[in-house]
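Subject: Structure for you to look at

Hello,

Here is the structure I promised. Please open it first, then read my notes below.

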Amino acid sequence: MSAVAQAPRQASRGRAGDSVPVLAYRNVVKRFSGGPVVLNGISMEVRRNEVVCLIGPSGSGKSTLLRCTNGLELIDVGEVVFDGKALPRDWNGMRRMRRRMGMVFQNFELFPHKTALGNIAIGPMAVLGTSRETAEAQAQALLAKVGLADKAASYPFQLSGGQQQRVAIARALAMEPEVMLFDEPTSALDPETIGEVLNVMKQLAEEGMTMVVVTHEMTFAQRVADWVVVMDRGAIIEQGPPQQIFQAPTVERTRSFLSHLGWSG
Amino acid sequence: MTFDWSVVSRNAGVLLEGVELTVLLAITTMAISIPGGIALALMRLSNVRALSAASAAFVELFRNLPLILVVYTAYYVMPVATGLNLSPLTTGIVALSLNVSAYNGETFRAGIASIRKGQSEAAYALGMGRWQTMKEIVLPQAVRRVLPVLASTWVSLFKDTSLVSVISVGELAYTSMRIRAQTFRVLEMLTAMAAIYWLLGYPQAKLVDWINRRYGVTE
Amino acid sequence: MDLDFTPVLESGWFLLGGLGLTLALSVLTVACSLVLGGALGLARCYGPDWLRWPIVFYIDSMRAVPVLVVLVWTYFALPIVTGAVLPPFWAALVALTAHISAYVAEIVRAGVTSIRAGQTRAAFALGMSRWRTIRSIVLPQAIVRMLPAFGSILSITIKDTAIAAVIAVPEYMNRSQTVAGQSFHPIEVFAVAMAVYFVILFPVTRVVDMVYVRLAHLGRS
């Protein structure tokens, strides 16, 4: 596996002063054409081996920020810096960057005309030029890693939501990304299957993967995140380690958001 | 009035040749018009304004012209425009292909547009390029999705081959009517012609119904 | 290639007469097909079982056979069977109506069956009779939904009238052929023909789409 996996996570949460930012957002502004400002000057960092959770009410811009990270959406003002370099503004330049980031979608977006194995193998084959044998062997290993070794020949419609999402995670991992972006990975799942996906994500975190997770699963955020960012209406209203956000938030809106979710700490 | 139905059996061989040519016309036209339709759809979706406009104009033009007029025009215009002396068969195939490609162009455009945006996004997120995504992810799904429509288009095409009889292409309609002219057996030959088309066309129509039931779009 | 459009202009009135016939034949065909096809479609959905099979057979047969064949048979063969000779225009009307009403019947069937069963159940719950329900609840919504398809019926009919040229109906296509043959300028004549048909057909679908967009909310349930 890649180098990131070799650095085991720290048992304690919070930010070490000497860790390196993988992603940095500097005053990012985005408007939807002729309309509302969706991101209103976002500045934050994601450090190596860190798990950052983005939480906040719907429409706060969390998903948009994630999609700006890998260029599915383009920003208007400011910059997104990845591994020390600002993200290019053109589509083709972004293509090279995207190989180094993995994304997991709320709706899984598995390719229905390919098997689970095929879904995982197509990235390396089409983008990296990996041979079919190597790609499929790696895909089989990844399937085992997410607990679906026996589903290699299954098509997405034959899998449950939780299984599909785990295949989607494996598909993203097949590219050996330096950072994984999760866009509300469990929001479209039945309650029974949420756990199996969160467990895979927890395992990834423990292996040291740098992760940015947009989520409503507060328990997951509290237990697994190193850093929590609370967004509301396009701005960051508070950010800090989970102990701060979930137990002693400093901003009133954070408190009311969490209490609306029934969060009692 | 006496009827002589044996005129049909006596000319069975010739009629069969007519049927063969009908089938050949349909297959050849579809073989040209499926890639043609895909090409038109991709042009329509391209970012290059000229390509997109040209494709839209082509599709609108041929969907709004009677096919029989296209056949006649091809017959008179092509020799002058290209300087080549093409056989009626080739001219007929050209006319049919222009027409069916236009319909397929719209079919494939709608099919491609019906594939969720998220599918392309997932491919881009892996680092795939626009053409790669189209080739590996979007087109395979779109083609499966439009199969029922293509089946209907095939049945229409099969019937439309009868129109090239007006430029003396020896398919089933032309052959039947020529035998009628030679033998003066009007009712027998015309009824036989209708019956043969019916025998060929009825199962095809039922097959299309079955395909629509089985593979109709659900998403 | 030098083009000379004067033969076309000289035969302008002749061609225009043909165009008038094209439009007349189209409108009459559509009107008759709506009546016949509507009746067939409703009879298939709501009529007795024994009626269903012949209607389905008729519809599927018309889908199987080319328009040209129906036209030619109606004009040349039908008189032999019935003893009555039909002039070309009326033969074309009969043949085209027979063919197009099959498509109308299918559209009606699709439109009627697309109305959710809950709508009819609600009507019955209010005490409406079967026929009243069809008339006041199902049909109005179904007709709105069928509008785009009816637009394409008009378009298909106009294109099919051009085939009637083959049985000597003096509509536009037929007259264009005459002028082309006499003037030895077929390219100009057919180019004008293409423009004429396009100018007629292009707006037909557009107008129907526009009307549909205005009325679509009435058909949603």
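The accessible surface of chain C comes to about 10500 Å², and 71% of it belongs to carbon and sulfur atoms. Accessible areas come from the Shrake-Rupley method with a 1.4 Å probe, and for residues only the protein chains shown count as cover.

A word on the basis. This is a predicted model, in which local features need pLDDT of at least 70 and side-chain atom pairs count only at pLDDT 80 or more, while totals for chains, interfaces and linings use all residues. Residues are numbered from 1 along each chain as its sequence is written, chains are lettered from A and ligands numbered from 1 in the order in which they are written, and side-chain values use heavy atoms, with hydrogens and water left out.

**Chain C**

Chain C has nine helices and zero strands. Helices here are DSSP runs of H or I with at least four residues, strands are runs of E with at least two, and both are numbered from the N terminus. The C-alpha atoms fill a box of roughly 70 × 45 × 25 Å along the principal axes. Of the 221 residues in chain C, 46% are buried. Buried means under 20% relative accessible area, exposed means over 50%, and partly exposed lies in between (1.4 Å probe, protein chains only).

Take contacts in chain C between residues at least 6 apart in sequence: 77% of them join residues at least 24 apart. A contact means heavy atoms within 4.5 Å.

Chain C carries 15 positive and 10 negative side chains, and the centres of the two sets lie 25 Å apart. Lys and Arg count as positive, Asp and Glu as negative; His and the chain ends are not counted. Each charge is placed at NZ of Lys, CZ of Arg, CG of Asp or CD of Glu.

**The sheet in chain A**

Chain A has an open sheet of four strands in the order β2-β1-β4-β5, with antiparallel pairing. β2 (37-47) and β5 (85-86) of chain A stand at the edges with a single partner strand each, so one side of each has no neighbour in the sheet. Two strands pair if DSSP finds at least two bridges between them.

The pairs are as follows.

- β1(A), residues 21-31, runs antiparallel to β2(A) over eight bridges. Leu23(A) stands opposite Val46(A) there.
- β1(A) also runs antiparallel to β4(A), residues 77-82, with five bridges. Tyr25(A) has Val80(A) as its bridge partner.
- β4(A) and β5(A) are antiparallel, with two bridges. Val81(A) stands opposite Ala86(A).

β4(A) and β5(A) form a hairpin with two residues between them. In its turn, Asp83(A) has a positive phi of about 50°.

Is Thr161(B) buried or exposed? Thr161(B) is buried, at 0% relative accessible area. Its place is the loop between α7 (130-160) and α8 (172-183) of chain B. Beyond its neighbours within four places in sequence, Thr161(B) contacts Thr22(B), Leu25(B), Ala26(B), Leu96(B) and Glu171(B).

Arg233(A) is exposed, at 63%. It lies in the loop between β9 (227-232) and β10 (235-240) of chain A.

Phe184(B) has a positive phi of about 60°, although it is not a glycine.

Best wishes
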